[in-house]
Amino acid sequence: MEANPRSTGRLPAAFLTPGSSSFMDFLADHSPELLPGNRKLPEGIVEAPHGTTIVAATFPGGVVLAGDRRATMGNMIAQRDMQKVFPADEYSAVGIAGSAGLAVEMVKLFQLELEHFEKVEGATLSLEGKANRLSTMIRGNLGMAMQGLAVVPLFAGWDESREQGRIFSYDVTGGRSEEHGFAATGSGSIFARGSMKKLYRSDLSEEQATTLVVQALYDAADDDSATGGPDMARRIFPIVTVITDEGFRRLTEEESSELARSVTERRLEQPEGPRAALL
């Protein structure tokens, strides 16, 4: 009788010789129940913590991706210091809005997907290819999205072939759109996008771009109760990341706190924020 690989402590041959460069395809073939979209849920709409506003902006030499820290459940604050922006690999990052637990799990799978491809193929995916892989993962979650567990991320990174930062947004069906200049997703995205629309310029420096996204998050928090602004008492500040030809970098707590304090202090003088020229 043939020995069971699990009882002998040996991995099945298929696990040692994957036939696909896609970790998601491999998982779907051998353990499909582990994919988020294949989980069984109770009937009806499921109530779960949701992450809110994510913003991004490009500048000559890179792209900035940032997010507030609040997670909500209905009209309650579920978490005040949630991390919503993660590195996808060395030259890209993803910011999550939507069902918090599912979104974090999807990010971890996405990170594994990119790492798996690189190890199997011996090369990294293009930024366009990474954006397409994320689109496929979101599409696989459509069943859960229809029950209220939607994940709507922003993906940003440095495109080595074009030598520029790029931003991609998604809808719940996995539909992908490239955004030019700036973008926002989540419950406060309308207000954040309006803020960036008036302040964005194509010639921003890296420092100006990071200030822009914090201004946008401040405006989103000012009008959207689900978006959290800088919390000086608890020392909770937006997560701000920068991706350039040197790779992914997250601003240190000291840098992000100083940036948030500067914006907040100026808002004491101008509560409505910076003014854009009429013409």
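Q: Where does Ser-135 sit?
A: Ser-135 is in helix 5, which covers residues 127–139. Bear in mind that this is a predicted model.

Q: Is Ser-135 buried or exposed?
A: Buried: its relative accessible area is 5%, and the cut-off for buried is under 20%.

Q: What does Ser-135 touch, leaving out residues up to four places away in sequence?
A: Tyr-170, Gly-174, Gly-175 and Arg-176.

Q: Which other residues of helix 5 are buried?
A: Besides Ser-135, the buried ones are Leu-127, Gly-129, Lys-130, Ala-131, Leu-134, Met-137 and Ile-138.

Q: And how does the span of helix 5 work out?
A: It agrees with expectation. At 1.5 Å a residue, its 13 residues should span 18 Å, and the end C-alpha atoms are 19 Å apart.

Q: Which residues of helix 4 are buried?
A: Ala-100, Leu-102, Ala-103, Met-106, Val-107, Leu-109, Phe-110, Glu-113, Leu-114, His-116 and Phe-117.

Q: Why would residues three or four places apart in a helix point the same way?
A: Because an α-helix has 3.6 residues a turn.

Q: What follows helix 4?
A: Gly-122, and its phi is positive, near 75°.

Q: Which residues other than glycine have a positive phi?
A: Glu-163 is one of them, with phi at about 55°. Arg-235 also has a positive phi, near 55°.

Q: Where is Glu-163, then?
A: In the loop between strand 9 (154–159) and strand 10 (164–170). Glu-163 is exposed, with a relative accessible area of 62%.

Q: How far is Glu-163 from Gly-62?
A: In sequence they are 101 residues apart, but C-alpha to C-alpha they are 8.5 Å apart in space.

Q: And Arg-235, where does that one lie?
A: In the loop between helix 8 and strand 13, where strand 13 is 239–244. Arg-235 counts as partly exposed, at 41% relative accessibility.

Q: You mentioned helix 8. At what angle does it pack with helix 9?
A: About 55°, with the axes 10 Å apart. Helix 8 is residues 206–223 and helix 9 is residues 253–269.

Q: How do helix 7 and helix 8 cross?
A: At roughly 140°, with their axes coming within 7 Å; helix 7 is residues 189–199. That makes helix 7 oblique to helix 8, since roughly antiparallel needs an angle over 145 degrees. The crossing is right-handed.

Q: Who makes that contact, and what classes are they?
A: Helix 7 brings Phe-191, Ala-192, Ser-195, Met-196 and Leu-199. Helix 8 brings Leu-212, Gln-215, Ala-216, Asp-219, Ala-220 and Asp-223. The contact of helix 7 with helix 8 has 7 nonpolar, 2 polar and 2 charged residues.

Q: Changing topic: where is Gln-79, and what does it touch?
A: Gln-79 is in strand 5, residues 76–79. Not counting residues up to four places away in sequence, Gln-79 touches Arg-69, Arg-70 and Ala-71. At 35% relative accessibility, Gln-79 counts as partly exposed.

Q: How far is Gln-79 from Pro-49?
A: They are 8.2 Å apart in space, C-alpha to C-alpha, and 30 residues apart in sequence.

Q: Last one, the whole chain: how many helices and strands?
A: The protein chain has 9 helices and 14 strands. Of its 279 residues, 46% are buried. Among contacts between residues at least 6 apart in sequence, 64% join residues at least 24 apart.

How values were computed:
Residues are numbered from 1 along each chain as its sequence is written. This is a predicted model: local features need pLDDT of at least 70, side-chain atom pairs count only at pLDDT 80 or more; totals for chains, interfaces and linings use all residues. Side-chain values use heavy atoms; hydrogens and water are left out. Buried means under 20% relative accessible area, exposed over 50%, partly exposed in between (1.4 Å probe, protein chains only). Helices (H or I, at least four residues) and strands (E, at least two) are DSSP runs, numbered from the N terminus. Axes are lines fitted to C-alpha atoms, for helices over the stretch in contact, and angles run from 0 to 180 degrees between N-to-C directions. Contact means heavy atoms within 4.5 Å. The expected span of a helix is 1.5 Å times one less than its number of residues. Angles under 35 degrees count as roughly parallel, over 145 as roughly antiparallel, 65 to 115 as roughly perpendicular and the rest as oblique. A crossing is left-handed if the near helix is turned anticlockwise from the far one by less than a right angle, and right-handed if clockwise. Ala, Val, Leu, Ile, Met, Phe, Trp, Tyr, Cys and Pro count as nonpolar, Asp, Glu, Lys and Arg as charged, and the others, Gly among them, as polar.
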